[in-house]
Amino acid sequence: MSESRSIDVIVIGAGAVGENVAGRVVQKGLSAVLVEADLVGGECSYWACMPSKALLRPGTVLNAARGVAGAREAVTGSLDAQQVLDRRTSFTSDWDDSSQEEWVASAGITLERGWARITGEREVTISHDDGSEARYLAGHAVVLATGSTPTVPPVEGLADLDYWTTREATSAREVPASLAVLGGGVAGVELAQAYSRLGAEVTVVARSGILGNYPKEASDLVLDALRGEGITVLTDTTTTSVRKEDGLFVLEVGDGGTVTAERLLVSTGRHPHTDGLGLEELGLDVTKIRADDTGRVPDAGGWLYAVGDAGGRVQLTHQGKYEARMTGDAIAARASGTLGDTAVDWSPYTATADRGAVPQVVFTDPEIAMVGRTLDQARKDGVNASETSLPIAVAGSSLHSDGYTGWAQMVVDEDRKVLVGVTFAGPEVSELLHAATIAVVGEVPLDRLWHAVPAYPTVSEVWLRLLEQYGL
């Protein structure tokens, strides 16, 4: 093997997060190599965010048309499943990453395709498909941007079966006649609705409720919608075993019941993909890696960073890209000697929003859009918090669709009189979220927020109703 090549920054993982780290440090004048064993662009581009939302969107549009008198009479057919799948495929470029590869080159980043392993301090060895190896020595940082991998529950018989993970579900070439979904989290519930609207008979089996990280009033709206569309949702139901019988998956659930389906999607969470990278040889416990606000991995010599899912902080693509921008700037600042070991909150070098201002959306129909803390989370964090909530029932919502059903909540830090959390549930409420995110991140005082007048007639008028109900 040849001697190590010197480079400023080595980024392991060329998904959206890794691309952003590499792009950022190169913009700041450093050199970078990006290492990827799969498709450049990563999970979000090919098997998660983009294809899953592409599968959901046509059904949402059709349902919206059916929700308005005059438009519903013009809707005479159902979704064309093949057209939906073809459109989904267009967003993945048919799982061809050549355009992403071109972007990497145009940004001045070196791309290495292969499997990376940390083989020494600041040293990474890359194994290529042809058996050759390359070795790089980082002058300033090695960054883990390796994403996450599905967590498979220890259900009897499951390990031996050809079940779907979200990868197979988002890249399927045809719609199964029936689909069982194991798990009631965001990905499972989104894909359950997408496939139901494409014509599959869908059953969701959830160990507890669905969407348990969101206020119950919001998740109940989604639950009612799923059941109203004919999706069977079994909550507080344990899956004890799975087997294949006559080509079908048979799940033993609850107290002796069974669920039978042509396909089984296992969507029971994800964990950081940090195995096989040589971290154990550095004395690190790969199950407990949590990067600091600048992306640096504690107790790893000061040169190792982790961003996105690999950093153990927030498993959301947009938040990982945010961390990547902050980490890239922190690496460059430390390389130039303008930043020490720590950085102040809300500076260009710290992902402070991870700690209480994270925006997230469930793209079901209705949607859930939330930023910051729920009431329980705020109180658990020691905040003297109150909540104000009400149905979304304003002129804008009645114009949006006949029978619009929605819910809104704001969580207030009573000591500082600022918002620490906002949740909306209802059709297309994701478009309300960024205003809430700005209010939470900016710590806008309620008496100033009172002067932010919502345009009439829009759904945003719910802000006025929340503030009025609060007492302003």
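**Figure 1. Buried residues of helix H7 in the predicted model.** In this predicted model, the buried residues of helix H7 are Gly188, Val189, Glu190, Leu191, Ala192, Gln193, Ala194, Tyr195, Ser196 and Arg197. Because 10 of its 12 residues are buried, H7 is largely enclosed by the rest of the structure. From its first C-alpha to its last, H7 reaches 17 Å, close to the 16 Å expected at 1.5 Å a residue. Just after H7, Gly199 adopts a positive phi of about 115°.

**Figure 2. Packing of helix H3 with helix H7.** Two packed helices are described by the angle between their axes and the distance between the axes. For H3 (residues 49–66) and H7 (residues 186–197), the angle is about 55° and the axes are 9 Å apart. The two helices are therefore oblique to each other. The crossing in which H3 passes H7 is left-handed. On the H3 side, the contact is formed by Ser52, Lys53, Leu55, Leu56, Gly59, Thr60 and Asn63. These residues meet Glu190, Leu191, Gln193, Ala194 and Arg197 of H7. By class, the residues of this contact between H3 and H7 comprise four nonpolar, five polar and three charged. Glu190, Leu191, Gln193, Ala194 and Arg197 are also among the buried residues of H7.

**Figure 3. Packing of helix H3 with helix H4.** Helix H3 also packs with H4, at an angle of about 150° and with the axes 9 Å apart. An angle over 145 degrees counts as roughly antiparallel, and H3 and H4 are therefore roughly antiparallel to each other. H3 passes H4 in a right-handed crossing. From H3, the residues Met50, Pro51, Ala54, Leu55, Arg57 and Pro58 take part in the contact. Their partners in H4 are Val84, Leu85, Arg87, Arg88 and Phe91. The contact of H3 with H4 contains eight nonpolar and three charged residues, and no polar ones.

**Figure 4. Positive phi at Asp94.** Asp94 lies in the loop between helix H4 (81–91) and helix H5 (98–106). Its phi is near 55°, a positive value in a residue other than glycine. With a relative accessible area of 44%, Asp94 is partly exposed.

**Figure 5. Positive phi at Leu211.** The loop between strand E9 (201–205) and helix H8 (216–228) contains Leu211. Leu211 has a positive phi near 50° and is a residue other than glycine. The relative accessible area of Leu211 is 2%, and the residue is therefore buried.

**Figure 6. Cis peptide bond between Asp365 and Pro366.** Asp365 and Pro366 are joined by a cis peptide bond, for which omega is about 10°. Pro366 is located in the loop between strand E17 (359–362) and strand E18 (367–372).

**Figure 7. Cis peptide bond between Tyr456 and Pro457.** The peptide bond leading from Tyr456 to Pro457 is cis, and its omega is near -5°. Pro457 belongs to the loop between helix H13 (446–449) and helix H14 (462–470).

Key
Residues numbered from 1 in each chain as written. Predicted model: local features only at pLDDT ≥ 70, side-chain atom pairs only at ≥ 80, totals over all residues. Heavy atoms only, no water. Axes fitted to C-alpha atoms, helices over the stretch in contact; angles between N-to-C directions. Helix = DSSP H or I, 4+ residues; strand = E, 2+ residues; numbered from the N terminus. Parallel < 35°, antiparallel > 145°, perpendicular 65-115°, else oblique. Left-handed = near helix turned anticlockwise from the far one by under 90°. Contact = heavy atoms within 4.5 Å. Nonpolar A, V, L, I, M, F, W, Y, C, P; charged D, E, K, R; others polar. Expected span 1.5 Å × (residues − 1). Buried < 20%, exposed > 50% of the residue type's maximum accessible area, 1.4 Å probe, protein only.
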